[in-house]
Amino acid sequence: MTDVQSYSGKLVTIERFILDQQRAHPTATGVLTDLLYDLALAAKIIASKTTRAGLAEILGSAGEENVQGEEVQRLDVFAQRTLYRLNDHTGRLAVMASEEVEDIIPIPERYPTGQYVLVFDPLDGSSNIDVNVSIGTIFGVYRRKTQEGRGTLEDVLQPGRNLVAAGYILYGASTMMVYSTGQGVHGFTLDPAIGEFLLSHPNIRLPEKPKYYSANQGYQPYWSRGVQAYTEWLQQDTAEKKALSLRYIGSLVADFHRNLLAGGVFYYPADRKDPKKPGGKLRLLYEAAPLAFLIEQAGGCASDGRRAILDIQPEKLHQRTPLFIGNRLLVEKAEAFIREYDG
């Protein structure tokens with residue numbers, strides 16, 4: 001890894017940082033570098049709308065439902081189109097897939113295809129748009145599995161262990177892009193005065209002493225005995241840790257980002273409230289796997305309660321999964337409670 005300490009006290013753009021990382025690793029390709037640039041540009045464009053949403057009349061519902069059966073917000077549509085239009089013609093991608101689209105998104109026939117696959121949640125937490133709560137974009141990049149031609153479903157349905165890059169963009173009080181290419185986790189904050197992402201959080205590592213747990217405890221009556229016992233353990237002083245404080249925003253990117261910087265665990269287990277979602281709410285491809293890749297790079301781990309998220313082979317595009325993600329001790333303790341109480 002490039003010595004990130006060498007950047008201390010200096011203004012470093014995301015472009016310079018990505019190029020430095022590429023030079024430090026001869027096997028890295030310029031294609032991946034350019035793809036990361038495209039995602040950073042998409043982040044700037046989407047941020048320009050999220051910060052003016054009330055003025056630009058793009059708050060509120062678009063009057064339709066996505067493939068998940070969830071109400072689509074106008075900013076969802078804008079973010080989806082932006083990510084697609086910046087990536088459909090570059091020759092870097094073989095295929096795309098989005099949480100908002102039922103099937104894979106092919107590269108148009110008039111454009112060349114490339115060696116990478118992009119999966120993304122264009123606007124996570126979009127139900128919070130109308131109340132001005134932080135929202136985000138999540139993305140993951142794979143190498144294609146097929147050798148030539150248009151990308152296929154096989155190229156998309158890969159376990160998280162195959163990711164070559166992943167990250168998220170947080171649209172909040174400031175806009176941040178956090179990503180990893182397997183060489184640590186690095187965060188960049190958008191300076192709107194100059195229109196550039198500047199390195200603000202090099203080599204992010206989870207604090208050893210966690211502070212928070214994040215979960216929607218309104219669903220606690222519907223959780224399994226193991227998850228309920230785990231929640232009680234989190235609230236107690238134990239030999240392993242002090243009692244954790246509850247912090248829950250309801251936007252996955254925002255909750256994940258806080259816990260990444262402060263230490264803790266986010267979990268959204270399966271529950272009995274909605275029979276249509278026996279595997280939980282969060283999507284494996286677009287949410288859980290990319291964030292699991294990041295958390296491992298930061299020294300933590302992610303699990304569905306029984307196995308590592310990164311080891312799960314997706315069987316369908318919009319597969320859901322329970323998710324426990326954060327400090328390793330806290331995630332492994334969740335698995336222990338689930339084994340003990342739920343079998």
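Asparagine 327 sits in the loop that runs between strand 17 (323-326) and helix 9 (328-342); helices (H or I, at least four residues) and strands (E, at least two) are DSSP runs, numbered from the N terminus. The model is a predicted one, so local features need pLDDT of at least 70 and side-chain atom pairs count only at pLDDT 80 or more, while totals for chains, interfaces and linings use all residues. Residues are numbered from 1 along each chain as its sequence is written, and side-chain values use heavy atoms, with hydrogens and water left out.

With a relative accessible area of 7%, asparagine 327 is buried (under 20% relative accessible area, using a 1.4 Å probe and protein chains only). Its side chain reaches the backbone oxygen of proline 207 at 2.8 Å. Not counting residues up to four places away in sequence, asparagine 327 touches Leu206, Pro207, Glu208, Pro210, Gly263 and Gly264, a contact being heavy atoms within 4.5 Å.

Turning to cavities, a search of the whole structure turns up 1 cavity of 30 Å³ or more. Here a cavity is a set of points on a 1 Å grid over the protein atoms alone where a 1.4 Å probe fits but cannot get out, and lining residues have an atom within 4 Å of a point. The largest cavity holds about 30 Å³ of space, the volume being that filled by probe spheres set on the points. Leu206, Phe256, Asn259, Leu260, Gly264, Ile295, Ile325 and Gly326 line the largest cavity. Helix 7 (252-262) and strand 17 each supply at least two residues of this lining, and helix 7 gives the most, with 3 residues.

Terms used: Buried < 20%, exposed > 50% of the residue type's maximum accessible area, 1.4 Å probe, protein only. Polar contact = N/O pair within 3.5 Å; in protein donor to acceptor, adjacent residues only side chain to side chain. 1 Å grid on protein atoms, 1.4 Å probe; cavity = no way out; pocket = protein on both sides within 12 Å on 5 of 7 lines; lining within 4 Å.
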